[in-house]
Amino acid sequence: MKRLLNILILPCSAILLSGCAASLGKGMVEAFLEKQESVDTRVCEIWGKPFAGLLPHLNNSQGKMKVLMVHGVGDHLPGYATQFLEKLAQKLDLTAQSAHPKNITLTSRADASKNLGNLRIHRLLSKDRKNELLFYELTWSKITAAQKEVLAYDNSGEYSFRRAEINDLLKKFSNDTGPDPIIYLGESREDILVSFAQAFCWMARNGWDSLPDDVQQSCSFNDVELAQNVRTDEYAVISHSLGSRITIDGMQRIASLINERDVGFREALKNKEIPIYMMSNQLPMLQLGRKLPDVANQKHAYCDASGEKFQERLLTKTPIIAFSDPNDLLSYAIPHGFVEKYLDSRLCIDVTNININVATIFDAFGLGKLANPLDAHVGYDTDDRVITLIAKGIGNQKTDKLVKDRCRWTETVD
């Protein structure tokens, strides 16, 4: 609210002659905004099939519930998902956790000298230890950090002092986040996708006790233990902005190389359903200028049990739950027909679109409605409705009262 207050006071000062500053003091502005914040009328609209969320899979007597988090643009440090993880644990009633997370420096099996980012693993447990969640936080931004040093001079005092203060903050934010999608389209794309594949591979390994810690090590999809784990464990991916494109491309890359994997792993993966929860989904924008996938417009052939290519699918189903704030300038709903044309048919994707205001909308004193676009882009992982939907889903007996009260659901059927 204070950030918005400053934004409103600046133009107010600039048009002093209009009487803005004379008629509204700072205290009055604060009271006006606080009154608007007291009544939360933010939209939450859902179109799609029911989904269960993470909760039903926590008490898995045969295996584990494992979740992979993939960040978006901008430099990130290991631990960036801590606030989200703590709120998710609260919603899932996981009140115990490992004393220390484990960290793996990811590298390529083809070149062990490469540093492909960090994978941090947390173990969360219920009080009675019956429910368990392994949370894998992928930090891939180290791969692009070196290339973004080309713009470091622009953040130095030599240039930054020439800009107005607010503009300087925005320029530094732009220099940090803007290059990542461009770099991803270049030579670093393969390293980022290998980083994702390595994170997915480690997620498919055994449980907490067998995971290494503080090592730089690669994981092989041909390890015999992976097939058994994939058969028994449950998986989900949570992504943000560019991370959603990385996740889809990473899964499509696994699909393209699946015939090189262990046959047991391939067969086990075919029977899995792996939901992807996309915050600030950017798939439509990041499809621009890209070639179509090798396998497209063949969903019925690969995903229907009677289809002629059913045995060649990668997964039984990939539900995409796409969260988009309409005031997020970098987020898009997934339109009808997009999946069939632009995404790999072997993933058997179903889409649930969630139109949700994660940023507060204010009445800017009769000048129109206003929402901070930055808050609308980064606010998903702290929004209680988003976290509750990921934790407990919708259209099931465990659906949270918050979602029932605050979200409008339109169920879609085939």
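**Helices α10 and α12**

I began with two helices and noted that α10 and α12 are roughly parallel to each other, because an angle under 35 degrees counts as such. The model I am reading is a predicted one. For α10 (residues 224-232) and α12 (residues 263-270) I found a packing angle of about 10 degrees and axes 8 Å apart. I then looked up which residues make this contact. On the α10 side they are Leu226, Ala227, Val230 and Arg231. On the α12 side I listed Gly264, Phe265, Ala268 and Leu269. Sorted by class, the contact of α10 with α12 has 6 nonpolar, 1 polar and 1 charged residues. I kept one rule in mind here: an α-helix has 3.6 residues a turn, so residues three or four places apart point the same way.

I stayed with α10 and looked up Glu225. Its side chain meets that of Arg205 in a salt bridge, at 2.9 Å from N to O. Glu225 lies in helix α10, while Arg205 sits in the loop between α9 (188-203) and β7 (215-217), so the bridge ties together parts 20 residues apart in sequence. Glu225 is partly exposed, with a relative accessible area of 26%, whereas Arg205 counts as buried at 16%.

**Helix α11**

Next I checked the length of α11 (residues 242-256). At 1.5 Å a residue, its 15 residues should span 21 Å, and I found its end C-alpha atoms 21 Å apart, which agrees. I also asked how many residues of α11 are buried. The count is 14 of 15, so I wrote the helix down as mostly covered, buried meaning under 20% relative accessible area.

I picked Thr247, which lies in this helix. Its relative accessibility is 0%, and Thr247 therefore counts as buried. What does Thr247 touch, leaving aside its neighbours within four places in sequence? I found Val70, Phe196, Val237, Ser239 and Ile276 in contact with Thr247.

**Other salt bridges**

I searched the whole structure and got 24 salt bridges. The general point is that side chains of opposite charge can pair when their charged atoms come close.

I looked at Asp75 and Lys148, whose closest N and O atoms are 2.9 Å apart in a salt bridge. This pair links distant parts of the chain, 73 residues apart. Asp75 is in the loop between β2 (65-70) and α4 (82-91), and Lys148 is in helix α5 (residues 142-148). Lys148 is buried, with a relative accessible area of 8%.

I then turned to Lys392 and Asp400, whose side chains meet in a salt bridge at 3.2 Å, N to O. I found Lys392 buried at 17% relative accessibility, and Asp400 buried at 16%. I also noted a network: salt bridges that share partners join Lys49, Lys299, Asp350 and Asp414.

**The chain as a whole**

Last, I took down the totals. The protein chain has 18 helices and 14 strands. Of its 414 residues, 51% are buried. Among contacts in the chain with a separation of 6 or more, I found that 79% come from residues 24 or more positions apart.

How values were computed. Residues numbered from 1 in each chain as written. Predicted model: local features only at pLDDT ≥ 70, side-chain atom pairs only at ≥ 80, totals over all residues. Heavy atoms only, no water. Axes fitted to C-alpha atoms, helices over the stretch in contact; angles between N-to-C directions. Helix = DSSP H or I, 4+ residues; strand = E, 2+ residues; numbered from the N terminus. Parallel < 35°, antiparallel > 145°, perpendicular 65-115°, else oblique. Contact = heavy atoms within 4.5 Å. Nonpolar A, V, L, I, M, F, W, Y, C, P; charged D, E, K, R; others polar. Expected span 1.5 Å × (residues − 1). Buried < 20%, exposed > 50% of the residue type's maximum accessible area, 1.4 Å probe, protein only. Salt bridge = Lys/Arg side-chain N within 4 Å of Asp/Glu carboxyl O.
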